[in-house]
Amino acid sequence: MADLQDTKTEFVTAAKNALEAGFDGVELHGANGYLLEQFLSPSAISVKIIMEEPLKNRSRFVLEVVASVSEAIGKGKTGIRLSPYGVASDMPHYPEINATYNYLSEQLNKIGIAYIHLVDHSAMGAPEVPMEIKKTHSKKFQQQDYPLGRV
């Protein structure tokens, strides 16, 4: 668990460094098989070792990172990239994929970040993200009214 706390701290430090370097905000990478997405997939080895639990527990680390970063740099300066149905890094699909990303949208909405960048990799050969999932994300995540540019 200390490693998870250290990793969260590293995300926060990186976000602060980005703002100090002149960036307007950050987009956390929860897609393409990167670390945050690995926690969402029940097939990822790290998830099986750390927390073989239902959807809420698999989503917990992602949501804690998002909350920590948004508290540190501002909700209007924080976004996240997600890729349900992506196939990068051999991340297989799983039965509760729709429920996982629906839950994430609801919880990210509660945190109040600026946006979700939902990626559909079907143009590159991955399965298409069903329109139902896209519409559900739009309903469950209401983009906050943050002004463009620096917040």
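Predicted model: local features only at pLDDT ≥ 70, side-chain atom pairs only at ≥ 80, totals over all residues.
Mentor: Residues are numbered from 1 along each chain as its sequence is written, and side-chain values use heavy atoms, with hydrogens and water left out.

Trainee: How are α5 and α6 oriented relative to each other?

Mentor: Helix α5 covers residues 97-111 and helix α6 covers residues 131-140 (helices are DSSP runs of H or I with at least four residues, strands are runs of E with at least two, numbered from the N terminus). Their axes, lines fitted to C-alpha atoms over the stretch in contact, with angles from 0 to 180 degrees between N-to-C directions, sit 8 Å apart at an angle of about 20°. Angles under 35 degrees count as roughly parallel. So α5 and α6 are roughly parallel.

Trainee: Which residues in α6 meet α5?

Mentor: Contact means heavy atoms within 4.5 Å. From α5, the residues involved include Tyr101 and Glu106. Their partners in α6 are Ile133, Thr136, His137 and Lys140.

Trainee: How many residues of β2 are buried?

Mentor: Buried means under 20% relative accessible area, using a 1.4 Å probe and protein chains only. Thr78, Ile80 and Leu82 point one way, Gly79 and Arg81 the other, and all are buried. For β2, residues 78-82, the count is 5 of 5.

Trainee: In β3, what is the bridge partner of Ile80?

Mentor: Strands pair if DSSP finds at least two bridges between them. β2 and β3 (residues 115-118) pair in the parallel sense over 4 bridges. The partner of Ile80 is Ile116.

Definitions and conventions
Parallel < 35°, antiparallel > 145°, perpendicular 65-115°, else oblique. Buried < 20%, exposed > 50% of the residue type's maximum accessible area, 1.4 Å probe, protein only.
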